[in-house]
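Please read each one with the coordinates open beside it.

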Amino acid sequence: MSRIWVINPNTTTSMTAGIGRCAQAVAGPGVEIVAVTSEYGPPSIESHYDEAMSVPGLLEAIRRGEDAGADGYVIACFGDPGLDAARELATGPVVGIAEAAMQTASHLGRGFSVVTTLSRTMGRAADLAERYGMQRFCLGIHACDIPVLDLETDPTARKVITEACREALDADGSDAIVLGCAGMAEMCAAITAELGVPVVDGVSAATLTVQSLVRMGLRTGKRGEFATPPAKEYTVRRGV
C-alpha cells in the first residue's frame, strides 16, 4: 500500500474534500489518498502575497507527511507554491498540479489553453509555463474572473468556465484545455463532455504522476539543490 498526501495549501476544508474526491477517483489499487488542509494560510490563493503566505503551512504539512510515512505528495494549487522547498523536505516525489496538468496536456495535441480564475493570476500561469518548458504548447491563458471560493457557491460558475474554455479554444486554435485552479477539478468531466475536447484537471494529473513515480521506486534526488536543508534554529523577532 502506498500513501499519497494531496495537500491543499489554503485553509478551506470544503475545497480539500473536493480535491480529495478527484484524487481518489483516479488512484489505482493499493493507493491511499490522504487529503490534507493547510493549518495556516489564506482561505484562497489569488495573489503573490497569498501564495507566499501559504508556503509555511504547506511545508508544515510536508513535515507531518514525512513523520506519517507518506510516499509522495501533490501540491493542489495551480500556482505550485513552495514546490522547490517541499522537494527539499520530502523524501518521496512532490508534484504541483500546474506542472502535471501542462505536461499532460502537451501529450494531447499541438497546443493547449489555460483557463484560470482571476485575471491577476494569468501572469503566474505564464511564468510557470516558461519554467516548465511549456511555451511551445501553451497557446493562451484566459481568466473567467470568478473568485476561487465562488467556484463552490456560484450556481453559474461551471457555465461561465465552460464558455471561457470554448472561447479560448476558438481564440487560440488549441486542442486541449488546462483548468487553472484546483477548485475546478470536479467540473472537469462535465466540461469535457460539453466541449468534446481533452480537458485536463491538474489534481488528477498530479496524483497519477506521483503514483507512477512511487510505483517505479523513484524519489527526489538529494545530491544537490534538493538535498535536505541544513539544520538551523529559526528565530522569531518581535518589536522594532
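This is a predicted model: local features need pLDDT of at least 70, side-chain atom pairs count only at pLDDT 80 or more; totals for chains, interfaces and linings use all residues.

1. Contact in this note means heavy atoms within 4.5 Å. Leaving aside its neighbours within four places in sequence, Cys165 is in contact with Val115, Ile177, Leu179, Ile191 and Leu195. Cys165 sits in helix α7, which covers residues 157-172, and it counts as buried because its relative accessibility is 0%, where the cut-off for buried is under 20%. The C-alpha atom of Cys165 lies 9.2 Å from that of Val199, a residue 34 places away along the chain.

2. The domain assignment divides the protein chain into domain 1, made of 2-96 + 204-216, and domain 2, made of 98-201. To the contact between them, domain 1 contributes 27 residues and domain 2 contributes 29 residues. The centres of domain 1 and domain 2, taken over C-alpha atoms, are 20 Å apart.

3. What area is buried between domain 1 and domain 2? The value is about 2100 Å², and carbon and sulfur atoms give 56% of this area. On the side of domain 1, the residues that lose the most area to domain 2 are Met15, Glu46 and Phe78, which together account for 36% of what that side buries.

4. The side of domain 1 that touches domain 2 draws at least two residues from each of α1 (13-26), α2 (48-68), α3 (83-89), β4 (94-96) and α9 (202-215). Of these elements, α1 supplies the largest share, with six residues. Sorted by class, that side of domain 1 holds eleven nonpolar, ten polar and six charged residues.

5. The side chains of Glu99 and Arg87 form a salt bridge, with an N to O distance of 2.9 Å. A network of salt bridges links Glu163, Arg166 and Glu194.

6. Which residue forms a salt bridge with Arg21? The partner is Glu186, and the closest N and O atoms of this pair are 2.8 Å apart. Because Glu186 lies in the loop between β7 (176-180) and α8 (188-195), while Arg21 belongs to helix α1, the pair ties together parts that are 165 residues apart in sequence. Glu186 is partly exposed, with a relative accessible area of 47%, and Arg21 is also partly exposed, at 49% relative accessibility.

7. Glu32 is partly exposed, with a relative accessible area of 33%, and Arg3 is partly exposed at 29% relative accessibility. Glu39 pairs with Arg64, with closest N and O atoms 3.8 Å apart; Glu39 is in the loop between β2 and α2, Arg64 is in helix α2, and the two are 25 residues apart. Glu39 is exposed, with a relative accessible area of 64%, whereas Arg64 is partly exposed, with a relative accessible area of 24%.

8. Is helix α4 largely enclosed by the rest of the structure or largely open? Helix α4 (residues 97-105) is largely enclosed, because seven of its nine residues are buried. The buried residues in α4 are Ile97, Ala98, Glu99, Ala100, Ala101, Met102 and Ala105.

9. The last point concerns Asn8, a residue of strand β1. Asn8 is buried, with a relative accessible area of 1%, and its side chain is joined to that of Thr16 by a polar contact of 2.9 Å. Beyond its neighbours within four places in sequence, Asn8 is in contact with Met15, Thr16, Ile19, Val36, Thr37, Ser38 and Ala76.

Note on methods. Residues are numbered from 1 along each chain as its sequence is written. Side-chain values use heavy atoms; hydrogens and water are left out. Domain bounds come from an automatic or database domain assignment. Buried area is the accessible area (1.4 Å probe) that two parts lose on being put together, summed over both. A salt bridge is a side-chain nitrogen of Lys or Arg within 4 Å of a carboxyl oxygen of Asp or Glu. Helices (H or I, at least four residues) and strands (E, at least two) are DSSP runs, numbered from the N terminus. Ala, Val, Leu, Ile, Met, Phe, Trp, Tyr, Cys and Pro count as nonpolar, Asp, Glu, Lys and Arg as charged, and the others, Gly among them, as polar. Buried means under 20% relative accessible area, exposed over 50%, partly exposed in between (1.4 Å probe, protein chains only). A polar contact is a pair of N or O atoms within 3.5 Å; within protein, one must be able to donate a hydrogen and the other to accept it, and residues adjacent in sequence count only if both atoms are side-chain atoms.
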